[in-house]
Amino acid sequence: MDSMTLSQLNSRFYRAEYECFQIELAKNYGVPEWREDVKKVMMKAGLENKSVVFLFVDTQIKDESFLEDLNNILNAGDVPNIYQPDELDNIYTTMKPIVQDSGQPPTKANLYSAYTKLVRSNIHLVVCMSPIGEIFRARLRQFPSLVNCCTIDWFSEWPDEALQSVASTFLGEIQELEDSPYTQGLVDMCGAIHQMVARKSKQYLAELSRYNYVTPTSYLDLLGTFRKLVSLKKSEIVNARIRTKTGLDKLLSTAEEVEKLQEELESMQPLLAQAAVDTEETMEQIKKDSVVANETKVVVQREEIEATKKATETQAIADDAQRDLDEALPALEAALTSLKSLNRNDVVEVRALQRPPPGVKLVIDAVCIIKGVKPKKVAGEK
């Protein structure tokens, strides 16, 4: 059992009237938060007249000023400049009846002195520190009240019975080791390992003059590590078992599916045979159709050649007609131009001609032919 656990048990069982207080470290815990916690404990002890166990561990020292404040509490029951004016007024008001009952004048000095006496009498300060390293000696030299105003309890090595008892309790909490025939062997092994390390540490000190501290905390760490390893290995085994079971289930399901596929394949054999026959017949039909298609292809190619020849001839005729058209178009355009220049007087003039010139007569004949007007003989003409 370490010093911190022993202090907690002492405050709760042997000194039931004591309230055990311990700071709670957080990421942003600093000097202001520390001062508030210290002030809370001191005012509870001084103003409320309650017995308090202030448990402090060296692992909670985030600033050396923490130890300086504890040194002041041990030495004088006070921390300089920790109270606000309104808090001081509250202290003076609360202490006034106590000072008057003692027959002293209620001056501020007497009131504050009575308060610090209550703080010192009601606060039981327990500082748990590891003696390992030079820092422990330096702190004792820097803060002498830790020695002068405290009772130092040195925790020596655990005997073999204690090692056996603690290991039996720790290992008994592991479900995997319940009713196991190996539990006692593990208990003996843990104790033997701890004692062997302690002996080797002494040999190490004798040979190299260097310290390797083996404390009860080291033994608890050993048991805790063993418990974590048991849990870790159990998880690994459980996961491996799950993976193995999953793999076996997959193999079994695959075997069942293969068996079903084989049965389906056997039942489909007649259909496959018929499909093969149908495929062969289809191939024969395709061969016959291919012969017909080839013959048709030859006919189509021959007709294509003839069509190409006719298209060539037709194109030649079209080209000849286009040339004739190109030659006639200028004459047509000239005729249209002349037609546009005709007016009524020209028509009247032509109509009045008794014997039109040959050119006019030729044009009139052409118009009659185009319009389908039959010739009509006129008396006196030949």
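**Close-up views of a predicted model**

**View 1. Asn-81, an exposed loop residue.** Asn-81 counts as exposed because its relative accessibility is 77% (exposed means over 50% relative accessible area, buried under 20%, partly exposed in between; 1.4 Å probe, protein chains only). The residue sits in the loop between helix H3 (65–76) and helix H4 (85–101). Helices are DSSP runs of H or I with at least four residues, strands are E runs of at least two, and both are numbered from the N terminus. Asn-81 is not a glycine, yet its phi is positive, about 60°.

The model is predicted: local features need pLDDT of at least 70, side-chain atom pairs count only at pLDDT 80 or more, and totals for chains, interfaces and linings use all residues. Residues are numbered from 1 along each chain as its sequence is written, and side-chain values use heavy atoms, leaving out hydrogens and water.

**View 2. Ser-209, between H9 and H10.** Ser-209 lies in the loop joining helix H9 (183–208) and helix H10 (216–267). Its phi is positive, near 60°, in a residue other than glycine. With 59% relative accessibility, Ser-209 counts as exposed.

**View 3. The largest nonpolar core.** This core has 36 residues; Trp-34, Met-42, Phe-54 and Tyr-115 touch the most other members. A nonpolar core is a set of buried Ala, Val, Leu, Ile, Met, Phe, Trp, Tyr and Cys residues joined through side-chain atoms within 4.5 Å. At least two residues each come from helix H2 (31–46), strand S2 (52–57), H3, H4, helix H5 (108–122) and strand S3 (123–128).

**View 4. A second, separate core.** Its 14 residues include Ile-174, Leu-177, Leu-186 and Phe-226.
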